[in-house]
Structures are given as C-alpha cells and as structure tokens.
Amino acid sequence: MQILRKSNWEGFEKTRKMKRIEIINVVKKSGLKGRSGSNFFTGLKWELMGKGTRYLICNADESEPGTFKDKFIMENNPSLLIEGIAIASYAMDIHSAIIYLRGEYFHLKPKLEKLIKQSEKHLKKIKLKIKIVLGAGSYLCGEETAILESIEGNRPLVRKKPPYPSQSGLYGKPTCINNVETLANIPLIILGNWDNNLQLFSLSGDLNEPGIYEIELGMPLKHIVSLGKPKNEPKAVYFGGSGGCIPYQKFKNLRVDNELISEKGGFLGARGLIIVGENRDIVDISRTLSEFFVHESCGYCTPCREGNFRVVELLEKIENNKAKKDDVKLLEQLAYHISDTSYCALGVASTTHLKCALKYFKKEFKV
Amino acid sequence: MKIKLNGKWVLAEEGETILKVAERNKIHIPTLCYHPDLKPQGRCRVCLVEVHGKLVTSCDTKIKDKMEIITNTKRVADARKLNIELLCSNYSGEKELEFSVVAKELGIKKSIFEKTIKEIKSPMEKDNMKCLLCGRCVQVCGVVQKINNIEFAGRGVSSRITIPYDLSVKDTPCTFCGQCALYCPSNAIREKAYNKKAVKTMMEEMDKLINKKKFVIAQTAPAVRASLGEMFGMKPGTLVTGKMVTALRKIGFDKVFDTDFGADLTIMEEASEFIERMKSKKNLPLITSCCPAWIKFAEQTYPFLLKNISSCKSPHQMVGAIAKTYYAQKIGVKPEDLMVVSIMPCIAKKFEANRPELKTAGCNDVDVVLTTREIGRMIKTKNINFTKLKDEEFDEPLGISSGGGAIFGVTGGVMEAALRVAYEILTGKILQKLDFIQVRGLEGIKESDVKIGNQTIKVAVVHGLGNIREFIESGRWKNYHFIEMMACPGGCIGGGGQPRPTTNEIRRKRMEAIYRQDKSMELRMSNKNPAVQELYSEFLGKPLGKMSKKLLHTKYKKRKVKFT
C-alpha cells in the first residue's frame, strides 16, 4: 500500500530547503483533493489562507457510517500523519495545529500523543505545537465549522458560510481544516513517485473480508466489491450513510469515481462502501439510516429535525403494513424537501439514501 | 448593486439580505424565527426563496450583484408550507399569536402530521419537597427489582433522587411496578392521585358522573380484600371482603363486581391456550400475562419473549370488556354511559388501562384505576367508619367467583388455578387434591414437575422483577412448559398500590388470608363458576372462540427505551 510507506521525516527535511510557496505549488500540481469526500483542491485551500495568526486542524472525526480509513492510517502509519501536519503547517506558516480526534477513537489518543512527543525535535525546528482535542461523539462535528465550535467549547453547530474558515475560522482566525488521509499523503507527494489515484476504500457489509483496501479510483464496481468477497449476491452498494446507494446488478460495471457516482444520484464521499446482500430489506436499511440521522441531527433547523423524525415514522408504518397510499408520496416529498431546505450539509445529505432507495427500489416500499 | 427580484431589476446595497431588499420593494416573505431586532438565524426555514434554482433562506442570505431571486414559485410555496406543517403538529392554535398568523397565511389549519409528543402519561409522581433521601426507593428499584431507574444526583443539601439522565418517563425502563412508592416512608413517590387534593377532586368528579346518570361500576382485585383493612388499623391478614363491598356502595358505585370473576375467565382462556400450545408444541413455554408491569418489562427488555406470553388480557380488563358488551346489553345501557373503575393493588394497572389497544366498543375497557391506598383514602374522606361496616355481597353476575380466581392475588396463584383446570380438561377426571403447595410461598423462583395423566408438565413461578431478570438471562426459562411471572415480590398482595408499610412478614399474612379464603369456598375451580359458564353459553361461545379472541385477547409490541 502506498499509504503505508515510511518517510521518516525525509519529506519534511526536503521541504525545509524549499520556499513556502514552492511547497504549496508542489501540492497544487499533484492534484491532491480533500480525501474526506469534499474534493476541494488541497493546494488551493492552502493558498487561500488569510493573514495573521493561523491554525491548522486535522479532521480526525471520522464518523461516517461504514468509513474507517482514517483510523487505519492512525493505527498503522501515524508518523506519516504527524509529518504531513508539520509540512502543511510549515507551508502555511502555522505554529499551532490541532488533531480533532473522534470521541470513539479515544484509544488512539495516548499513542498519538507519544508520537508527537517523539517528533518534538522536528517540530521544534518550525516552532510547531500539535495538540489533540477529543470530540464527544457527535457526527455533526465531522463538519469543518462544527469542529471549530466544538474546539471553542460551544454547542457544535454549523456556521453559515461565508466567511470561510480560511478567512475566519478558529477564534475568528484563518484556519485550514484537512482530513487525516489528505495530510498523510503530503510527505509522499513531497518525496515523489506518488499516485493520486490510489485511494483508501472502507469495505463493509455482507462481506467475508471487510476492511481497508487501497484501490485505484475508476475501477469497476464489481472489481472493488469482489475484493471484499461478498457472502451472497450483492443487491445494493451504499456510500456511507449519507451518500445514497445504487443497485449492484445494474451498475456492477460502473467505474467508481466521484462524477459517475454523482450522475447516478449517489455521492462517493469518503469512499466507505457498504455492500448490501440480496436477503436485505431496503426499507429496513432506510429506516436504520434515517434513525441515525434523527439521532445525529443537531436540531437547529426545521426540515432536518422534524422532517427526519417523520421519515422514520413513515418508514415504520410501511414496515408494519400500516401505510396508506399517500404515505409513500409524502415520504418522497419529505426526502426531497429535507435536502432542498435544510440549513447545513448534514441535513441536505440526510435523505440522499432515501432518494436513491425510492429511485431504484421503489417496489419494496409497499403499501 | 443590481439584483433581479421576481423578474424586475432593483437596486440594492452590498451587505443587505434578500429579505430586507424584498421588504423595501413591497414583496412580502413570511418569516417565523426572524426578528428585526435580533441576528437572523435561518432556523425555521420558512422565509425560503429561490435563487438560481436553489432554495435559500432570505433572512440570512446576503445579496450578490446580479442575483436573480424568485419569491413566488410553487416550489417555494410548497417548501414554506411543508416546514410549517412540520412545526405545528403539536401546536393548538391561539389566533393572535405570530405563529398562527403565518400558518393561516400559508393556508394551514391543522398539521398533516400527528402529534410528535407521544409521552406516556406517567401514573406516578415524585415530590422532592417531601423526600427524606432515605434511599429505600433507590435500593428497591436497583437491588430488588433490578431496574435501576432511580438514582441520587447532586451533592450535599442539593442531593435529590432522579431518573437517570433526567430522561422523560417514556424513554425509561420504569415498569410502574410502584415498589418505590410502596417503600416510600414520606409519600414523596406515589401514584398521581394519592394526595389529599387529588382524592377530593376525584370524589367530586364521581359525584358529577353519578348525577349525570352514568352507570358506574367498581371491581375489586383479589389482593385488595386481604390488605384494605390495614388502612383502617386492622391487623395484616384480615379479610375485609364484605366491608369493602359495603363501603364501595356507600361511596356511590352502582354495582360492585369482583375481578375474581375476570380471573376465572382468564383461567378458562389461558388454560385452553396452554393446552393448545402443548398439543402444537409451538411457542412454549407459555408465560402468563396478568401482570402489566411484567408485560411492559418484557416489551422493552425481552421482546423475543413476546410470542410466548399468553395473549389473554389481564382479569380486570376482561371484566371491563365484558361489562361494556355483555353486561351493558343485558341492562340496556350504552357502553359509553357505563364507567368501569378498577380497585387494584397496583400502579401499573393505571398505565395498562390507558393502553390504546385495550379498547372495547370504542371505549377503554377500564376507565379508571384506583389503588388500595387511594380507595382507602376515599373511604376515609367520606367519613365512613370502615371497621364497623356490615358485610355485603358482590353484585351478580360479574361478582360470582371461585377459589381459583381468588388466589390470583398471590405469587403462584395463577399457576395453581390454571393447573386445577388444565388437569380436568386434559385427563377428563375430577381433581382430588386441589392444593399445589409446591408453587406457593415467597421463594423468588419456584419450580415443579406436575404430573397430569401421563404427561409431566414443568412449571415455574417467578415473582419480583429482579428474579425475573435472573431467570430469563440465565436461560432457565427455556426448561419449562408454563411460567407465571409477577413483577412485585409476593405477587399482587405486595403490589405497588398496597397499604404502607408492606414487609415480607405482612406479605405472608396477606397470603395466608387469600389461601384461607380459597379453602373456605365451596367453588374452587374456575371452570365450575356458574356465571362464567353462563357467559360462555349466552355470549362468548367457547374459550379461544371468535368472540373471546375479540374481547378477551390482546397483542404486545416491542417498546423502545433508552436503557434496559
């Protein structure tokens, strides 16, 4: 695996001989995009940073259902991440970096802290302090501005953009927020011989060999799924909880990249693929996912808070054969309404799975 | 800056919101969470408009040069309306409110959604002013019943007892067994109506009903007669059946029926159900369903057992259902004009009576449930000299009962009554030795092999939720054919609604009284109860028949709580 290569601070030492703008240009040229699923060009993000005191935040709040690649990196090659943070900080002239670690990953905290301590001789050279802030288990805190509120000690709500964090982020200062996988790739980019298309996929669901696979972007779906050794004939593939689903049989030859998945109504996101076997009930999965969003909704805006609650109610009715004809219509209306009118990206994405299910598996929504 | 508003170019200044510009141009956009003095939030999502094909909130979206904004498409109107629909399901309108004005403007009278607040009406209350922090409730809930739904919070003088995490009752595993109330020395935890004011209001309500010519029926549970006397200083274990009936008549009940009759009826149905399951070998063991706290416990903690639980309603619900159909027809009263008040040793019965599935002829089977304590207080409030009362008899026909019905009040009673009848049905012979001593007593889990004909039936009797939890989680439940479960230690004689104090010693005395009553009765087998026989021949047909299934049986469903 490319991501398991060791750099031993060689990449960092190399950048020490470069100008900041040169580093940013190398990252820009590499074509690296945010690996959290946002797909924003990393080099450009670095370039857009405002003046004055700045912060770097490593988003390690990996909480998308079926996604566990950042955990894999932090468990198996954490020094690459620390080095990536150092290079990014140096390139943007940042002296304070924070790893915002998912609450459920608390077991990684001592290990990372030890590693930071061991790296001190390198970090000293650029006067960088790295701190770990442990999240408290909210899904919403994977969103970059909710992280800011959380670190500041506030109720984690999503900030309205603009202003973007690159201008006004943590404590109102320019802040760069990058994903674990994004930052871990930085030393490798600097060292060269790096392939942007090799990305981590989390495979889970009805598989005999679920786990993390490094796969070239653009491979056919059936190739990716076959790596996980399906237990039975796959019926659908879900892209995390918020990325929707596509039917497997129909699209097994589809090349898996962001644009092609989006064309089919899904969202590849952070490449967490949940393979759903033929014996599964789509309505049951829809309800489970919607219950997740009811639980994780912050309650700020009407459509996400109230709407998803109603979605679960309607799905329960369908499951218990108590639904009326109009109920499926209302369900569909709500699915689009919630994504159309919610305040933040969580609300907007909370019904993608349902829209896809209604598009491809309508027959299962029996009344 | 120039922006296009509903097809017309208008001037605007940088930094202005869409809402501000629209207002200036006399274009009305409905708002709700927005207030001119406060910072816009964009929470309610009512002030939506369409900008380049996307819906955005106008209160907090700033204009950009050459922005094209449309405020009056169908998409906009539908989205605004749906958000109000989502908001107003719990809201009962008061015309002058800001919210009502917006709802009206968008053409909403009543939400298409049902109320979201599906709060369980808790039959209990807690009064921290009266709490002595003695910790009895914490121990009985945690150690005895093993529910762990009461705990201490705060420190020093701020200490108080609370429900964990301050959850709302509907999310907690409280079964309303009421043992906390039974052990409370200062009435800080109690059934809701158990205070002076509530009892007085209740009495006034009763008088009103009687004046309105409602036909009000009382029925009394087997365990009440063995404990009610204690409310008036009588010794534990004194049977006060006759005095209790007299007192209820004095309070003003039109008829006084006996839940023991319903117990006999339950045995007819449940024994038949047991025999049917033994034959088909399906869903064994059969588990009893008389105890509403056990039922709620199973629904939330052990839903995999629901298929094993008898579908029989509990005895007082059966009496209610029969009163509102068979009996109402007989006396020519409409079911809605007939009110059934159950006098129970139990607080969970209050919750049970409100279960939406327990309805007959459009009304609740049982309208009101009063505990032994509450009825005792009512009798005192009426200044009735209870100890001096003469004995009177229950009314017919729902007042006739057998010893089998009577022993429902103690742990092991349902099992014993069922075995008496099952023996006769299965063997066709008359049972000589009626007492099944092995299922009696206060031991937490009692088990026995009962020989009926050439079959050996393995039975278990478990009482106290803590014992039930141990019994189920150890997997022992799988070893039996028939299991009786009661949530309160000792069964109903130790129920949460019984007189205080209740101790194991007092439980034993009440238990002895119940068995004394059984022994003294000529009629000791539920199937020999003439009123029950008449009910089947005139009205119900046969046990588990179509009519019985409709009136006397129910269903259970999984219940979600935050912890179990």
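This is a predicted model: local features need pLDDT of at least 70, side-chain atom pairs count only at pLDDT 80 or more; totals for chains, interfaces and linings use all residues.
## Overall build of chain B

Chain B has 564 residues, of which 47% are buried, and its secondary structure comprises 18 helices and 19 strands. The C-alpha trace of chain B extends over about 100 × 55 × 55 Å when taken along its principal axes. When contacts in chain B between residues at least 6 apart in sequence are considered, 72% of them join residues at least 24 apart.

## Domains of chain B

## A helix pair in chain B

Two packed helices are described by the angle between their axes and the distance between the axes. In chain B, helix α8 (residues 259-280) packs on helix α14 (residues 413-427) at an angle of about 55°, and their axes are 9 Å apart. At that angle α8(B) is therefore oblique to α14(B), and the crossing in which α8(B) passes α14(B) is right-handed.

From α8(B), the contact is made by Ile267(B), Glu270(B), Ala271(B), Phe274(B) and Ile275(B), which meet Ala417(B), Ala418(B), Val421(B), Ala422(B), Ile425(B) and Leu426(B) of α14(B). The residues of this contact of α8(B) with α14(B) divide into 10 nonpolar and 1 charged, with no polar residue among them.

## Contact between the chains

Where chain B and chain A touch, 14 residues from chain B and 13 residues from chain A take part in the contact. Helix α2 (residues 74-87) of chain B supplies 5 residues, the largest share of the side of chain B that touches chain A. The residues on that side of chain B are 8 nonpolar, 3 polar and 3 charged.

## Domains of chain A

For chain A, the domain assignment gives domain 1 (2-191), domain 2 (198-277) and domain 3 (282-364). The C-alpha centres of domain 1 of chain A and domain 2 of chain A are 27 Å apart, and the contact between them draws 14 residues from domain 1 of chain A and 17 residues from domain 2 of chain A. On the side of domain 1 of chain A that touches domain 2 of chain A, the residues consist of 4 nonpolar, 6 polar and 4 charged.

## A mostly covered helix in chain A

Helix α17 (residues 352-360) of chain A is mostly covered, with 7 of its 9 residues buried. The buried residues of α17(A) are Thr352(A), His353(A), Leu354(A), Cys356(A), Ala357(A), Leu358(A) and Tyr360(A). The elements of chain A that cover them include the strands β7 (234-239) and β8 (245-247), together with the helices α13 (282-296), α14 (302-319), α15 (325-341) and α16 (345-349).

Methods:
Residues are numbered from 1 along each chain as its sequence is written. Chains are lettered from A and ligands numbered from 1 in the order in which they are written. A residue is buried if 20 or more other C-beta atoms lie within 10 Å of its own, exposed if 12 or fewer, and partly exposed in between; C-beta atoms are placed from the backbone. Helices (H or I, at least four residues) and strands (E, at least two) are DSSP runs, numbered from the N terminus. Two residues are in contact if their C-beta atoms, placed from the backbone, lie within 7 Å. Domain bounds come from an automatic or database domain assignment. Ala, Val, Leu, Ile, Met, Phe, Trp, Tyr, Cys and Pro count as nonpolar, Asp, Glu, Lys and Arg as charged, and the others, Gly among them, as polar. Axes are lines fitted to C-alpha atoms, for helices over the stretch in contact, and angles run from 0 to 180 degrees between N-to-C directions. Angles under 35 degrees count as roughly parallel, over 145 as roughly antiparallel, 65 to 115 as roughly perpendicular and the rest as oblique. A crossing is left-handed if the near helix is turned anticlockwise from the far one by less than a right angle, and right-handed if clockwise.
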